[in-house]
Amino acid sequence: MNTPLECRCYHNCPNGKVNSTCPALGKCYIHLESISNKEHELRAGCLPPHKSGPIQSTLDGNIPLNASFIDQCHENVDHNDIPNQNLKLLCCDPLKDGTLCNDKLNMTPEAYVKPPMAAEFSMAIVIVISIGATCGILLFGTLFHRFYESRKFKAKAQTGQSGDFNSTESTRLMDTTTGSGRGTSNLARRTIAKDLSVSTQDAIGQGRFGTVFSGSFRFDKVAIKYFFPQCEDSFQNETAIFHKPTINLRDEHIVGFVASDIFHSPQGEIKRIIVMDHIAGGSLRDYLTINAPKIGEEHCLKMCESLVKGVSFLHMEINGQKGKESIAHRDLSNTSVMIKPNGLCCIGDFGRAFARPIREAAEEASKPVFSREPTLLYAPPEHFLTRDPLRGQTFEEMTAADVWSMGLLLWEMTNAVGNLGGYFPAYFLETGIPQNRNFQFMHSLHTQKIIPAEPHFNLLYKMTTQCLTFRWQDRITSYKALKSLQELSSS
Ligand SMILES: Nc1ncnc2c1ncn2[C@@H]1O[C@H](COP(=O)(O)OP(=O)(O)OP(=O)(O)O)[C@@H](O)[C@H]1O
């Protein structure tokens, strides 16, 4: 009599035992289930007889089995195709391999470790997910912080602790971007907003392109120019001139640049500011208006010399490590020249300035066409008489135009010496019109080829007339003017 065939059963025995046998109706199997990377559980038992098509059965009445489980042991199935790598199954046929054939099947966890590529792949996924999660947390944190700060700032603004430049309180600036100057004024981004406070009580000056306030920056008194929104060009130009690595404008005759900044006001408007040294005497116009009768000849000569030195420094190209490009100011006027506490001039307002790259020949220089008009009173005759708005200017023409404006300012300073009548802007004596001169007015004035009359203190008048020639080609250079002036004052 044939002994009935059996399979080894382990953890899946019909009699509930851990390790026993079961009647072999179909194939015998062993099954290694991965619980974790290191833990595996071995099971063994009897499969029901194989049927084609989907089968829903139970193994020994305990473990539910589906068709794919049974198919894995079907001889036509390629075991390498088993999709679920956590389910390892080997089978044998007791009819061919003998009773308890699954005792001879060998399945070790090592035999089924996942391919290394798969391990690396899952590691990469873990790393990507971790990095993604970290970035997400950081981004969320930053956004939350910004939102919190802006709420705090708005709340402060509403309670009157801060405001834009109409406010009477001191303003702490919110920053978005920050530029920096050079030398002592070399500032790191974001430091300006932190260290700058602006007294918005009184504007110290008002120009065509912005309003200037006083303030303090790290205990130093500074002047802060808020550009009008439509004057972005001037802001960009002035900032670019001071930031150019090929231009070192640190000089006692030039207003010291501290920084520039763009930020949002609490009302959400974009503000563009330039922070510069505060020049206590204010503009040349303000200074002469107050001090004209008190200015003596010696002081006047020093003032004139400092102005000419400033213009000649701008025009000069300096080669070498601390070199500088040649710069044409293009808007010298009685408000762009300031007076320092020592009574000497320094030049500011570079919103219309143009720099010629080092070693670029005069004829190669780019010829800018600026939308911004110069201050008409100080613009040279060619600006009105031969001007073609679509044609740019050569660099020589630009520096010659500066010399014309400088000539008029020299006249204003020398005319002020001991003048009990006070301060007279150029051409006031000839026209009687102190301001609001329009293009047509200046055009007709220059058509008549008028220059300001000789002042009472006339030592510099000859040199002044050499600056005020109607053909720009005939004007002396700022350097020549400086040499003449130094000779005159030493004689
Ligand atoms: N650094 C400074 N220190 C003190 N006062 C200053 C300073 N810069 C400007 N001011 C004052 O602000 C006034 C206007 O400044 P600024 O001339 O730069 O404005 P603007 O709009 O560019 O000029 P403008 O219309 O004269 O061409 C000056 O006339 C002067 O009184």
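Predicted model: local features only at pLDDT ≥ 70, side-chain atom pairs only at ≥ 80, totals over all residues.
Let's start at Asp349, in the loop that runs between strands β17 (345-347) and β18 (354-356). Strands here are DSSP runs of E, at least two residues; helices are runs of H or I, at least four; both are numbered from the N terminus. Residues are numbered from 1 along each chain as its sequence is written, and side-chain values use heavy atoms, with hydrogens and water left out.

Back to Asp349. Its phi is near 60 degrees, a positive value in a residue other than glycine. Most residues other than glycine have a negative phi. Is Asp349 buried or exposed? Asp349 counts as buried because its relative accessibility is 18%. The cut-offs are these: buried is under 20% relative accessible area, exposed is over 50%, and partly exposed is in between, with a 1.4 Å probe and protein chains only.

Compare Lys449. Its phi is near 55 degrees, again a positive value in a residue other than glycine. Lys449 lies in the loop between α11 (439-447) and α12 (461-467). With 56% relative accessibility, Lys449 counts as exposed.

Next, Lys225. UniProt, in an unreviewed entry, places the feature "binding site" there. UniProt positions follow the numbering used here, feature names are shortened, and annotations may be inferred rather than shown by experiment. Lys225 is in strand β12. Lys225 counts as buried because its relative accessibility is 10%. What does Lys225 touch, beyond residues up to four places away in sequence? Its contacts (heavy atoms within 4.5 Å) are Thr211, Val212, Glu238, Arg272, Ile273, Ile274, Met276 and Asp349. Asp349, where we began, is on that list.

Now the largest pocket. About 1,100 Å³ of space lies in it. A pocket is an open set of points on a 1 Å grid over the protein atoms alone, where a 1.4 Å probe fits, with protein on both sides within 12 Å along at least five of seven lines; lining residues have an atom within 4 Å of a point. The lining has 43 residues, and Gln206, Gly207, Arg285, Asn334 and Thr335 lie nearest the centre. The elements that each supply at least two lining residues include β12 (220-227), β14 (270-277) and α6 (284-291). By type, the lining divides into 16 nonpolar, 16 polar and 11 charged residues.

On to the interior. In soluble globular proteins, nonpolar side chains tend to be buried together. Here the largest nonpolar core has 62 residues. Such a core is a set of buried Ala, Val, Leu, Ile, Met, Phe, Trp, Tyr and Cys residues joined through side-chain atoms within 4.5 Å. Leu307 and Met406 are among those with the most contacts inside the core. Helix α7 (residues 297-315) gives the most to this core, with 9 residues. A second, separate core has 13 residues, including Phe213, Val222, Tyr226 and Ala259.

Met406 deserves a look. Leaving aside neighbours within four places in sequence, Met406 is in contact with Leu307, Val308, Val311, Cys467, Ser478 and Ala481. Thr399 is in helix α9 (residues 395-416). Thr399 counts as buried, at 13% relative accessibility. Beyond neighbours within four places, Thr399 contacts His315 and Ala328.

Last, the whole protein. There are 13 helices and 18 strands. Buried residues make up 45% of the 491.

Technical notes
Points joined across faces, edges and corners; volume = space filled by probe spheres on them. Nonpolar A, V, L, I, M, F, W, Y, C, P; charged D, E, K, R; others polar.
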